[in-house]
Amino acid sequence: VLRPVDGVACAEVLDRIEALLDAEVDSGTAAAIRAHLESCAGCRAEWQRAGELRAALRALPRYEAPPRVGAALAAAAAADGPRRLRYGGSRLRPVMAAAALAAAAALVVGLAPLLRTPRPAVSDLEARAAAADARLALGVLAAVAQRTELRVRERVLDGKGIAAGLDAVSRSFRRVKKLPGAGSPQARRRGAGETIRTIPERSS
Amino acid sequence: MTKAAIETVIAEQRSRVFTLAVYLLGHREEAEDVTQEVLIQCWRRGDEVAPERLAAWLLRVTRNRCIDRLRARGSRLRLLPRAASPELPDPVDERPGPESVASGRELQAAILRALGGLAEPYRSVVILREIQGLSYDEIAEALEMPLNTVRVTLHRGRRKLREELREEYESAAAC
């Protein structure tokens, strides 16, 4: 029997507040607790705090899994077998998408200087040198794109995700700027008279 | 269990997995990593689990992986630093709650900090019950706990949170 405003009764009430919140006490006990709460301001305040806390917890947001998780999952599924995984209502082919993105980004980044800089054809020799530059740049970019595709594929299949694959793309671009010979006088002379082949054989 | 059935479970449970990881780890990037690992594991090994238990299995594996990461952090399972707000993603939904409670960002931040200070298994049980809305039976299956243990753990967890928040309010009032 609960006695209002009594130390022992208060302890009993406080011990059962959570159960009362979850409607897990029988009706007789619930009525006794509620009667105690009406007459005991301390327990009533605690009861209110418990209710507010539960409401606040239930108001906390839930989160949607981000797209990169779905892409990595689809890549894993693709690596495991021919059947493609549906994720978020669409069929994804992340390796191909990453490779295409890498190639497109390589073209945009690599060709941007060529597109920005006007190159008047002052003489036939300079025109041929410019063409050699362009062939060299395209060859290097093709090789980088091919290596990047393989790197992206490895990263994605390793479960590191598209973000890691795109990091590899970014690193590849930085390396392009450091490649020796690109735009050098030797390359220009070589390019003016011969075909430059920079695309390595694809290893199977 | 067929791959199609596994796909269905993944589609239904992926947000629940991610939300659990977010609240357990308090860090968006790590939660994404764990979610990715768990879902890939589910895709590859889900057929070894009984279909009716796969959803609970996903939550259990998620929790275990989060605990592993926290141990690797050396954080003694302390999830969120009390002084800082957790790095959480934007919510998928803003569920409305009672005005006096849900409208207070300060209270929400305080609750997150208090949740971060809660020990296991109280934290997991509170997250699964109050934030994720799982039933006691579902929690019992996910955490492999007796039903009564779930009930007692939840009640104690909420009480600990309440005490933690009271301390925080009292210290704030004293400043």
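Me: Which residue forms a salt bridge with Arg69(B), and how far apart are the closest N and O atoms?

Reply: Side chains of opposite charge can pair when their charged atoms come close. A salt bridge here is a side-chain nitrogen of Lys or Arg within 4 Å of a carboxyl oxygen of Asp or Glu. Arg69(B) pairs in this way with Glu37(B), the closest N and O atoms being 2.9 Å apart. Arg69(B) lies in helix 3 (residues 54-73) of chain B and Glu37(B) in helix 2 (residues 28-45) of chain B, so the pair ties together parts that are 32 residues apart in sequence. Helices are DSSP runs of H or I with at least four residues, numbered from the N terminus.

Me: What should I know about the model and its numbering?

Reply: This is a predicted model, where local features need pLDDT of at least 70 and side-chain atom pairs count only at pLDDT 80 or more, while totals for chains, interfaces and linings use all residues. Residues are numbered from 1 along each chain as its sequence is written, chains are lettered from A and ligands numbered from 1 in the order in which they are written, and side-chain values use heavy atoms, with hydrogens and water left out.

Me: Are Arg162(B) and Glu46(A) buried or exposed?

Reply: Buried means under 20% relative accessible area, exposed over 50%, and partly exposed in between (1.4 Å probe, protein chains only). Both Arg162(B) and Glu46(A) are buried. Their side chains meet in a salt bridge, 2.8 Å from N to O. Arg162(B) lies in helix 8 (residues 147-174) of chain B and Glu46(A) in helix 3 (residues 41-59) of chain A, so the pair joins two chains.

Me: How many salt bridges are there over all chains?

Reply: A search of the whole structure finds 26.
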